[in-house]
Amino acid sequence: MPTNGLHQVLKIQFGLVNDTGRYLTAESFGFKVNASAPSLKRKQLWVLEPDPGQGHAVLLRSSHLGRYLSAEEDGRVACAAERPGRDCRFLVLPQPDGRWALQSEPHGRFFGGTEDRLSCFATAVSPAELWTVHLAIHPQAHLRSVSRRRYAHLCPQEGEIAADSDTPWGVDALVTLVFQNRQYGLRACDGRYLRSDGRLVGEPEARARYTLEFKAGKLAFKDCDGRYLAPVGPAGTLRAGRNTRPGKDELFDLEESPPQVVLLAANRRYVSVRQGVNVSANQDEELDHETFLMEIDCETKKCTFYSSTGGYWTLVTHGGIQATATQVSANTMFEVEWRGRRVALKANNGRYVCMKKNGQLAAISDFVGQDEEFVLKLINRPILVLRGLDGFVCHRRGSNQLDTNRSVYDVFHLSFSDGAYQIRGRGGGFWHTGSHGSVCSDGERAEDFLFEFRERGRLAIRARSGKYLRGGASGLLRADADAPAGVALWEY
């Protein structure tokens, strides 16, 4: 895998939920803390940092303020410290049910409470001193074993997940973290959950749920018996081992999962690097050599395409396109034009990429015709989780509509047909657009939606009306945005 912006370890942000279901909140005014918020927003985001000194203590930093939580000897708590001092040191004590108790290391008291009555003065742990960890990152990622330096992926024939892949290539490398009953399940791309004995099961049963623990910025997954997931044996099969404390073998990184795509040219052949360095539309199957990792530059919004052979597409002499570049440069950048069910690609020479008669791709066209258009298909999101500016997309209770401001998420299923996507939700109902721009999730027939990958990690979804799906003040998903920006962009 390249290192030019890829291979990105996710920064672990989370919320802490107390026994009454309210989130720990850091306020700007007076740097006070409370547990009053019903959902996970900006003020409720926290980061766990290792203490610079020796020992097991950690620091809790507010992502919103950039300041540290502290507890004084008399139990008073605040989030005012710009630099961590002695009072900012806490011990995280995981409980059997997956929750955390936070103990002040210098004073030995426990942190808890309700509403604005928070303190760190309890001498023992009661329900008021227990906190549920709710990850705030997008839950779809790649899982990398720290000790083996290999990626986890689904092995469908063996019915297991193994950490034995050098690169997270293809749909099998996608893992979805599912938050349920204060714990997390690991869901493979085929919808099954990893059980602690290494088997894959259809439902997140007790032995397929794990308590998260953090160690030096890494994740560990503890099962209901207090043992930790680890890669086992030559194949690196993931299952709970014997250890009751997480060592290097039990630690994992969560890495960003950029879109992986296939492109179909006008000759109905897939774009490929199977027959050499020249990028050509000459294959009937979509396998690894026909799959490209699509990365969007944050500043220019142009795209790079990285192949399974280890090279970026790059513009060469006479407009040719080869998958030989090892570094990102101006010649590896392509501007994507979204043309309904098709896309066109413009290279750094200002010309469009077209398919020549022999199938090879070249940036030699001044205008877009049939040979300059491609079908672009996302292949590593068979299941979809969407997050907007206000929260995750989730079914509204007792309704066929969809919320866009939830701290929990629903998983939706994707299918693809001729440049468009169909989205299926709970109970098998399809997304469809109703009157006045409403979006519902109980359709008997599939409705086509167009995906446009506009920014790094964010896409726009266009309805048949030509309008874009957006969130907003109402908290409902609607198809009435004119432009693919702001509330009309979704993490996926």
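1. A residue counts as buried when its relative accessible area is under 20%. Keep that cut-off in mind as you look at this predicted model, starting with strand 35, residues 361-365. Four of the five residues in strand 35 are buried, so by that cut-off the strand is mostly covered.

2. Now find the partner of strand 35. Strand 34, residues 352-355, runs antiparallel to strand 35, and four bridges join the two. For a handy landmark, look at Y352, which sits opposite S365 of strand 35.

3. Next, jump to H153, which belongs to strand 14, residues 150-155. Is H153 buried or exposed? Its relative accessible area is 19%, and because the cut-off is under 20%, H153 counts as buried.

4. Finally, zoom out. The UniProt record, an unreviewed entry, places "domain: Fascin-like" at residues 22-133, 141-254, 266-375 and 390-492. Take residues 141-254: this span is 0% helix and 46% strand, with its end C-alpha atoms 6 Å apart. Residues 390-492 are 0% helix and 48% strand, and there the end C-alpha atoms lie 14 Å apart.

Definitions and conventions
Residues are numbered from 1 along each chain as its sequence is written. This is a predicted model: local features need pLDDT of at least 70, side-chain atom pairs count only at pLDDT 80 or more; totals for chains, interfaces and linings use all residues. Side-chain values use heavy atoms; hydrogens and water are left out. UniProt positions are given in the numbering used here, feature names are shortened, and annotations may be inferred rather than shown by experiment. Buried means under 20% relative accessible area, exposed over 50%, partly exposed in between (1.4 Å probe, protein chains only). Two strands pair if DSSP finds at least two bridges between them.
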